[in-house]
Amino acid sequence: MRAMWKGSVSFGLVSIPIQMYAATENKNVSLRQVHEADGGRIQYKRFCTIDGAEVPYAEIAKGYELPDGEMVVITDTEMAELPLSSQRTIDVLEFVPLESIDPIQYDRTYYLEPQKNAVKPYIVLRDALHKSSQVAIAKVAVRQRESMAVLRVHADVLVMTTMLWPDEVREPDFPFLRDDPPQIRPQEVTMAGSLIESLAEPVFEPEKYHDHYREALEEMIEAKVAGEETTKPAAVTAKADVVDLMAALQASVDAAKKSRGAKSTSEESDEDEAPAPAKKKPAARKRAPKSA
């Protein structure tokens, strides 16, 4: 595993340097969008909707759109200046029973590994936390976002699970909750309880469950490879990108010319409507005297 974040766990006056790792990974089979006819990959480009030009990543900022369509542009520098009191620190706030937290608030889970000079305080916190049968509530900032988090012990390792803020959990506002409940017979509740008992297990064993869809998809891919049902897309040259960029720039130039032409036409129309300046009458020519 590769550390994705380095910081420290702040526990009272004790600071424990740690490294953070993603505790879970997505095992879904990665599929690309391709052209069915030749297997060519489908690409998406970042372009500006105003001038039509492709925008390099370095020139992309964040924007907040107002209800009237106006955009508030926020640069990376301005984002970095926002106050994050818990940046690079997992700040422990309190300890509560694990069962007092509704799982609906859980977000993502990470393993915390002690740095070389912090193994002893790490183990002290781990063992004390395990002995207390409680979990720690903390604040942490990861990727410019401050979150609440739960610290607990799993497989002799401190585990941090980020949580949603209370206002990020939606209220279940459904019509049936406001209607009068239907009449339920005691026998129906008893029957439902019997069904639960028949499927009950003393502990949860996730190893006995499998992702049958993923397994079937992997088998299909392996069968296609074995049967040589593959397509080797033609090499993409840089010329295609240049053509696309040139087309976008040409479209911008054409639009600019069209706008300029419309403006020139408007100005000429204004000149036609303006009254022509009065012409001066030519001066009268003097006739030469006739000879006798």
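Two strands count as paired if DSSP finds at least two bridges between them. I kept that rule beside me while I went through this predicted model.

**Entry 1: the chain as a whole**

I applied the pairing rule to strand 6 and strand 9. They pair in the antiparallel sense, over 5 bridges. I then looked up one bridge by name. Leu 112 has Leu 158 as its bridge partner in strand 9.

Next I stepped back. The chain holds 6 helices and 9 strands. I noted its length as 292 residues, of which 16% count as buried. The accessible surface is about 24800 Å², and 56% of that belongs to carbon and sulfur atoms. I also checked contacts between residues at least 6 apart in sequence. Of these, 60% join residues at least 24 apart.

**Entry 2: the barrel**

In what order do the strands close into a barrel? I traced 7 strands, and the order is 1-2-6-9-8-7-5. The pairing is mixed. From one strand to the next, the twist averages 40°.

I looked at one more pairing in the barrel. Strand 2 (residues 14–22) and strand 6 (residues 106–114) run antiparallel, joined by 5 bridges. Here Gln 19 stands opposite Glu 113 of strand 6.

Then I looked for what packs on the sheet. Helix 2 (residues 119–132) does. I listed the strands it touches: strand 1 (5–11), strand 2, strand 5 (89–96), strand 6, strand 7 (135–141), strand 8 (146–154) and strand 9 (157–163). The direction of helix 2 makes about 70° with that of strand 9.

**Entry 3: Ser 10**

I picked a residue in strand 1, Ser 10. Is Ser 10 buried or exposed? Its relative accessible area is 19%, and buried means under 20%, so Ser 10 counts as buried. I left aside its neighbours within four places in sequence and looked for contacts. Ser 10 is in contact with Thr 89, Ile 90, Asp 91 and Val 92.

**Entry 4: aromatic pairs**

I counted 3 aromatic pairs. One of them is Phe 11 with Phe 95, and it is edge-to-face. The ring centres are 5.9 Å apart, with 85° between the planes. This pair links distant parts of the chain, since Phe 11 is in strand 1 and Phe 95 is in strand 5, 84 residues apart. Phe 11 has 32% relative accessibility, so it counts as partly exposed. Phe 95 is also partly exposed, at 33%.

Another pair is Phe 204 with Tyr 209, and this one is stacked. I noted 6.3 Å centre to centre and 25° between the planes. Both Phe 204 and Tyr 209 are exposed.

**Entry 5: two helices, checked by length**

Glu 228 follows helix 5, and its phi is positive, near 55°.

I repeated the test on helix 4 (residues 186–198). Its 13 residues should span 18 Å, and the end C-alpha atoms are 19 Å apart, which agrees. How many residues of helix 4 are buried? The count is 0, so I wrote that helix 4 is hardly covered.

**Entry 6: loops**

I went to the loop between strand 2 and strand 3 (62–65), where Asp 38 sits. Its relative accessible area is 40%, which makes Asp 38 partly exposed. I looked for contacts, not counting residues up to four places away in sequence. Asp 38 touches Thr 231 and Pro 233. The C-alpha atoms of Asp 38 and Lys 232 are separated by 8.0 Å, though these residues are 194 apart along the chain.

Last, I looked up two residues with positive phi. Ser 133 lies in the loop between helix 2 and strand 7. Its phi is near 60°, and it is not a glycine. With a relative accessible area of 60%, Ser 133 is exposed. Asp 156 is in the loop between strand 8 and strand 9. Its phi is about 65°, and it is no glycine either. Asp 156 counts as exposed, at 57% relative accessibility.

Methods. Residues numbered from 1 in each chain as written. Predicted model: local features only at pLDDT ≥ 70, side-chain atom pairs only at ≥ 80, totals over all residues. Heavy atoms only, no water. Helix = DSSP H or I, 4+ residues; strand = E, 2+ residues; numbered from the N terminus. Axes fitted to C-alpha atoms, helices over the stretch in contact; angles between N-to-C directions. Contact = heavy atoms within 4.5 Å. Phe/Tyr/Trp six-rings, centres within 6.5 Å; stacked < 30°, edge-to-face > 60°. Buried < 20%, exposed > 50% of the residue type's maximum accessible area, 1.4 Å probe, protein only. Areas by Shrake-Rupley, 256 points an atom, 1.4 Å probe, with all protein chains shown as cover. Expected span 1.5 Å × (residues − 1).
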